[in-house]
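Here's a walk through this model, section by section. Keep the 3D view open while you read.

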Amino acid sequence: MDRRNFLKTAGVACATAAGARSAAADTQEHKPEEFIGVLVDTTRCIGCRSCEVACAMAHNMPVPDPKTDGALEAVRTTSETAWTVVNRFDTDAGEVFVKKQCMHCWQPACAAACLTNAMKKTETGPVIWQSDKCMGCRYCMISCPFDIPKCEYDHWNPRIQKCNLCWERLQEGQRPACVTSCPTDALTFGTKRELMEIARKRIYTNPDKYVHKIYGEFEAGGTGWLYLSAVPFEQIGFRTDLGTTPYPEYTRDFLYAVPVVFFGLPALLYGLSQLTDRDGSGTGPDPKVVAETTDHQAAH
Amino acid sequence: MESFTYVNIFETKGLEYILLICFLILFVFFVRYMNATEKRT
Amino acid sequence: MSATHTSPPVQGTFRFIWNEMKPRPPFWTPFNMISIPIIVVGMVILVYRFIYGLGSVTNLNQDYAWGVWKGFNVITGVAFAGGAYALCFTVYVMRLEKYKPIIRVTVLNGFLAYVFYAGALILELGRPWNILNPIIGNDFGYNSVLFLVAWHFLLYIIAQFLEVSPVVAEWLDAKKAYRVLYAMTLGLVVFGITLSFLHQSGLGALFLMAKPKIHPLWFSEFIPILFFVSSIFAGISLVIVEGTLSGRYLKEHIGIPEAQSRAILFGLAKGAAIASFAYYFFKLLLFLHEGHWDLLGTGWGLWYLVEVFGLTLLPCLLFALGYRHRSLGIVQTAAWLSLLGVLINRLNVSLIAFNWESVNRYYPTWMEIVVSLTVVLVEVWVFRWFVTRMNFYPRPRAARAHTADGVPAARLVETA
């Protein structure tokens with residue numbers, strides 16, 4: 001991490017600490033929850049796409065047939081009918097398979113963008129979508145740096161579709177469907193704190209096998225899903241130019257300024273209007289009177 | 001990948017201040033240009 | 001006004017309004033002939049859209065969540081409506097008498113622009129029946145810029161409606177209502193200018209989180225300021241263009257003396273020149289700050305230069321030239337160019353340079369364009385209805401809602 005990023009992260013950490021103090025009252029009520037996530041070790045993934053099948057079955061979406069559909073031939077994105085997809089990349093280190101889905105950001109752009117909080121960051125970390133609140137404005141799609149939320153354009157009542165980290169299964173005490181279906185332990189489920197320790201340990205014990213970076217540690221302010229790779233992340237379809245700033249921070253200055261403007265500007269405008277009030281009537285000029293006088297001038 | 005390098009976020013400030021001075025000077029000329037007819041008549 | 005005409009009987013008022021709703025001859029004008037088929041087709045497309053979904057008529061895809069209805073009608077349309085707050089500031093806050101004759105019509109224009117262009121947002125909502133959620137608190141997503149913009153649209157439409165309402169009261173000859181409504185004007189103006197400042201910049205702030213998607217030549221953390229400043233001269237340019245068009249096609253309804261209308265026009269041109277001059281230097285400053293010199297040689301760089309020089313600096317200089325030589329033609333050209341420049345700027349940020357690396361490029365379908373035009377044309381129809389029936393312009397004597405001896409037109413209909 002370079003110096004600039006370090007300073008930014010430190011600043012965010014301070015801000016979080018300050019916020020935590022005020023939130024302390026709430027968290028004392030119930031057991032403090034830690035954000036959970038999944039660690040993806042791309043060196044272990046064999047591209048069997050069991051996770052895609054499990055995901056589709058868990059969420060009533062069309063189930064792909066990995067044996068026959070040949071979907072690995074092209075690089076795909078997630079879609080309104082596939083919350084997760086596995087892609088194949090030909091890299092310096094040979095074939096690499098990468099699972100793609102919602103990253104479940106620490107501070108999600110989509111949730112900050114949502115004007116009805118339909119897109120919601122839950123206490124334990126999964127970012128979920130609530131159909132009764134959503135008005136379908138798709139500002140979440142504009143804002144998400146990973147281009148994850150998808151819209152059902154061909155339906156009269158479209159839903160926004162994206163991975164919800166199996167929110168319904170988590171509440172029943174189960175792990176996400178993709179994690180349980182993975183035959184090679186490429187996916188590890190846990191709290192981010194635990195996952196970071198596991199990921200670091202793997203890098204330290206196999207320093208030549210992995211690139212010394214954990215994607216998702218700081219990207220876009222840190223994400224719930226973390227990735228390990230044997231090749232630079234640019235080669236396996238990741239954007240490495242997203243920065244470490246949480247995306248809601250980009251609108252912070254503007255939103256903070258709004259109440260300030262609302263206090264200051266009306267006072268300034270009213271004050272100006274009184275300063276320019278030559279006849280001392282206190283109100284503005286009556287355009288009705290003007291209409292009559294100009295007409296009068298026109299008549300002559 | 002990750003590196004520990006110095007990034008000067010104020011690198012372009014010098015140029016920006018030069019532009020600012022240019023703007024102020026040009027603004028005077030711009031307004032004088034527009035108002036030229038008013039003086040003549 | 002004679003004291004006997006206090007308030008006409010309710011029945012008479014309704015009959016008066018009914019009569020006023022009817023179109024007035026000449027009906028078969030070129031504008032009507034062209035606009036009616038477009039509006040009809042647009043309506044049919046909209047019915048289809050609400051039954052079969054957005055995908056059935058638009059080319060929206062997963063990379064381009066917002067199309068021309070947002071990019072053109074909402075984002076550009078609202079910028080063009082900036083003239084209302086700019087002129088309200090001039091007339092009510094700075095009290096410049098000169099612009100009084102056009103203040104009513106400009107506020108009307110702003111009101112209708114918001115009703116139709118901010119209203120066009122509904123067309124692109126996937127689930128428009130949930131539109132009241134951020135208003136009724138299901139939930140208040142106050143963490144969102146769009147929440148702010150939505151509330152501001154709503155409040156601004158109400159404020160503008162109340163600002164327009166004295167003219168409606170005058171039309172209905174409701175004198176008491178006129179006095180009450182008129183007394184609120186200054187407060188509404190102050191409130192409205194504040195709202196405008198915040199949502200004009202808010203429309204830009206919508207794109208702050210799209211940082212990795214917008215081409216670096218167009219993205220800036222100062223987009224909100226750019227959007228606000230450009231809405232000033234875009235709004236003024238629209239007032240100039242609108243004034244020119246109504247001067248030609250609604251001549252018999254406008255009683256502004258030639259000399260005064262020229263003075264207003266050149267005053268506006270000067271204001272637009274200064275605002276766009278400042279805006280041009282804003283663009284230069286941000287370019288220097290970002291320092292993407294290497295990108296200028298690319299196709300995107302050329303397109304950027306077209307916007308900055310051809311559609312920002314050129315109209316600015318033309319405004320100055322037109323003002324200096326008091327040339328109506330040059331000022332009008334500058335106003336059209338300036339509007340084009342702001343249109344291109346808004347489309348660049350929201351559509352063209354948005355997701356510029358995407359392979360799923362978005363091109364609107366003919367149906368999207370027809371609906372976009374429908375929104376504009378219906379607005380023009382409604383605008384024409386208002387200005388030909390109420391005193392939005394200083395009226396020439398013959399066309400006044402009140403006849404020379406003070407008998408309101410409503411009464412004449414009633415007795416006829």
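Predicted model: local features only at pLDDT ≥ 70, side-chain atom pairs only at ≥ 80, totals over all residues.

Which residues does C:T106 touch, leaving aside its neighbours within four places in sequence? The contacts are C:G83, C:A84, C:L87 and C:V239.

Chain A has an average pLDDT of 85, and 82% of its residues score at least 70.

## A sheet in chain A

Now find the open sheet of 3 strands in chain A: the order is β8-β1-β9, and the pairing is mixed. Its edge strands are β8 (187–191) and β9 (225–228) of chain A, each pairing on one side only. From one strand to the next, the twist averages 25°.

Strands β1(A) and β9(A) run parallel and are joined by 4 bridges. In this part of the sheet, A:D41 stands opposite A:L228 in β9(A). Helix α7(A) packs on the sheet and touches β1, β8 and β9 of chain A, with its direction at about 135° to that of β8(A).

## Salt bridges within chain A

Side chains of opposite charge can pair when their charged atoms come close. Over all chains, the count comes to 23 salt bridges. One of them joins A:R193 and A:E34, whose closest N and O atoms are 2.9 Å apart. This pair links distant parts of the chain, 159 residues apart: A:R193 is in helix α7 (residues 192–205) of chain A, while A:E34 is in the loop between α1 (3–29) and β1 (36–41) of chain A. Are the two partners buried, exposed or partly exposed? A:R193 has 46% relative accessibility, so it counts as partly exposed. The value for A:E34 is 35%, so A:E34 is partly exposed as well.

A:R88 and A:E95 also meet through their side chains, in a salt bridge of 3.6 Å from N to O. A:R88 is partly exposed at 24% relative accessibility, and A:E95 is partly exposed at 46%. Elsewhere, a network of salt bridges links A:R49, A:E52, A:D69 and A:R76.

## Where chains A and C meet

The contact between the two chains takes 79 residues from chain C and 70 residues from chain A. About 6,500 Å² is buried between chain C and chain A, and carbon and sulfur atoms give 60% of that area.

How many salt bridges are there between chain C and chain A? The count is 3. For an example of a salt bridge, zoom in on A:K133 and C:D139, whose side chains meet at 3.3 Å, N to O.

Most residues other than glycine have a negative phi, and most peptide bonds are trans. C:D139 turns up again here: the peptide bond from C:N138 to C:D139 is cis, with omega near -5°. C:D139 lies in the loop between α7 (133–136) and α8 (145–171) of chain C.

A:D147 is not a glycine, yet its phi is positive, at about 55°. This residue is in the loop between α4 (139–143) and β6 (150–151) of chain A, and at 22% relative accessibility A:D147 is partly exposed. C:N355 also has a positive phi, near 50°. It lies in the loop between α14 (328–352) and α15 (366–389) of chain C, and with a relative accessible area of 9%, C:N355 is buried.

Terms used
Residues numbered from 1 in each chain as written. Chains lettered and ligands numbered in written order. Heavy atoms only, no water. Salt bridge = Lys/Arg side-chain N within 4 Å of Asp/Glu carboxyl O. Helix = DSSP H or I, 4+ residues; strand = E, 2+ residues; numbered from the N terminus. Buried < 20%, exposed > 50% of the residue type's maximum accessible area, 1.4 Å probe, protein only. pLDDT = per-residue confidence, 0-100. Pairing = 2+ DSSP bridges. Axes fitted to C-alpha atoms, helices over the stretch in contact; angles between N-to-C directions. Contact = heavy atoms within 4.5 Å. Buried area = accessible area lost by both parts, 1.4 Å probe.
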